[in-house]
Amino acid sequence: LWWVNSKYRSDEGDDLERIGLLGWLGGFMHYLDREGDELSSHRFPGGTSALCSLMAGSLRQEVRFGQVVRRVTQDASGVTLQFESESTERFDRVVLTLPPRCLEDVVFEPPLGASKRCAVEACGMSRAIKIALRYERAWWTEAGWGGSLQTDQSIQQTWDGTLGEGAVLNLYICGDEALNWLRNPDPVGSAGAELAATYPESGGLLLGGGIHDWINDPYARGAFSHLPPRYVLDHMPDIVPPEGRVHFAGEHTANWVGFIEGALESAERVVPEVTR
Ligand SMILES: Cc1cc2nc3c(=O)[nH]c(=O)nc-3n(C[C@H](O)[C@H](O)[C@H](O)COP(=O)(O)OP(=O)(O)OC[C@H]3O[C@@H](n4cnc5c(N)ncnc54)[C@H](O)[C@@H]3O)c2cc1C
């Protein structure tokens with residue numbers, strides 16, 4: 001049972017008590033289109049940022065970073081965005097791809113409709129963190145395995161995160177356990193010690209590492225979305241429709257909830273919506 005729990009917790013990014021059955025079944029359907037047993041079965045050479053750089057490089061407009069939207073005001077002829085810097089900019093239409101918790105931080109004038117606000121608020125954001133452990137050498141390769149592991153211990157899941165030089169093992173930890181690790185004053189040392197208890201050959205090879213916390217990241221407020229119990233029936237139809245000239249996209253508005261495929265699916269849906 002722990003293995004089933006571990007496998008689907010990894011896909012959903014949170015403890016399974018928080019996941020609705022219908023939403024989970026929707027996600028499970030996507031397994032049926034895959035040859036292997038894995039939902040996260042492909043890796044980008046060079047890391048996921050390589051995909052973003054390639055996409056950004058193909059755009060005609062420059063991508064502006066560090067522009068935090070705080071207020072969205074729309075009238076009959078357009079939409080004005082106000083940024084944290086107090087500067088404003090006017091557009092015919094806007095597509096907002098902010099994660100749900102971040103959307104809740106934005107002021108809308110006029111306010112979003114009640115059903116949209118409820119759908120945004122009810123959409124779950126998964127509690128997940130990563131701990132990266134940097135080793136002197138890839139002891140897991142020497143021991144004859146690829147670094148992928150699911151365990152009933154508190155480190156939950158590992159895989160080889162080596163990119164270029166150095167040997168890195170990534171731990172991916174979800175749910176209540178993620179919060180426990182955030183309270184740990186030395187997560188890297190403790191995680192290394194937990195691994196060394198099972199794999200003594202790793203002892204003494206740990207050079208350092210780091211922790212990444214999406215839960216408290218103000219521009220994510222969670223790793224990615226999931227569908228809590230009753231969400232599909234009560235709220236899912238309301239997350240997608242535009243409100244006037246303001247359109248909504250991002251993985252939380254897609255059938256492929258929680259995955260890059262969902263973000264891309266939502267882009268394909270929203271472009272005709274805007275250009276219609
Ligand atoms: C640990 C982890 C592991 C994952 N593993 C996989 C995987 O194996 N396979 C997979 O397919 N997917 C995976 N994902 C999920 C994948 O990253 C997301 O589904 C995808 O990035 C969603 O894209 P998006 O554009 O909808 O949202 P995001 O990528 O979250 O983009 C939202 C953007 O909005 C910005 N933003 C927030 N607030 C504001 C504001 N007020 N003003 C302006 N901008 C703002 C944020 O900075 C961010 O750039 C993983 C995610 C995490 C965290």
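Residues are numbered from 1 along each chain as its sequence is written, and side-chain values rest on heavy atoms, with hydrogens and water left out. In this predicted model, local features require pLDDT of at least 70 and side-chain atom pairs count only at pLDDT 80 or more, whereas totals for chains, interfaces and linings use all residues.

The ligand is surrounded by 21 residues, a residue being counted if one of its heavy atoms lies within 4 Å of the molecule. The closest are Val 69, Gly 250, Glu 251, Phe 259 and Ile 260. By class, the shell around the ligand comprises 13 nonpolar, five polar and three charged residues; Ala, Val, Leu, Ile, Met, Phe, Trp, Tyr, Cys and Pro count as nonpolar, Asp, Glu, Lys and Arg as charged, and the others, Gly among them, as polar. Helix H11 (residues 260-275) provides the largest share of this shell, three residues; helices (H or I, at least four residues) and strands (E, at least two) are DSSP runs numbered from the N terminus. Domain 1 (2-46 + 126-213) and domain 2 (67-124 + 225-275) each contribute at least three residues to the shell, with bounds taken from an automatic or database domain assignment.

A polar backbone atom of Glu 251 lies 2.8 Å from an oxygen atom of the ligand. For Gly 258, the distance from a polar backbone atom to a ligand oxygen is 3.4 Å, and for Phe 259 it is likewise 3.4 Å. The ligand taken alone exposes 1,000 Å², of which the protein buries 68% (Shrake-Rupley method, 1.4 Å probe).

The second largest pocket holds about 260 Å³ of space. On a 1 Å grid over the protein atoms alone, a pocket is an open set of points where a 1.4 Å probe fits, with protein on both sides within 12 Å along at least five of seven lines; lining residues have an atom within 4 Å of a point. Among the 23 lining residues, Gly 23, Gly 26, Gly 27, Asn 255 and Val 257 are closest to the centre of this pocket. Helix H2 (21-29) supplies the largest share of the lining, six residues. The lining divides into 13 nonpolar, eight polar and two charged residues.

Two backbone features lie in loops. Glu 109 and Pro 110 are joined by a cis peptide bond, with omega about -5°; Pro 110 is placed in the loop between strand E5 (107-109) and helix H5 (114-122). Glu 86, in the loop between strand E2 (79-83) and strand E3 (88-91), has a positive phi near 80° although the residue is not glycine.

Notes: Points joined across faces, edges and corners; volume = space filled by probe spheres on them. Polar contact = N/O pair within 3.5 Å; in protein donor to acceptor, adjacent residues only side chain to side chain.
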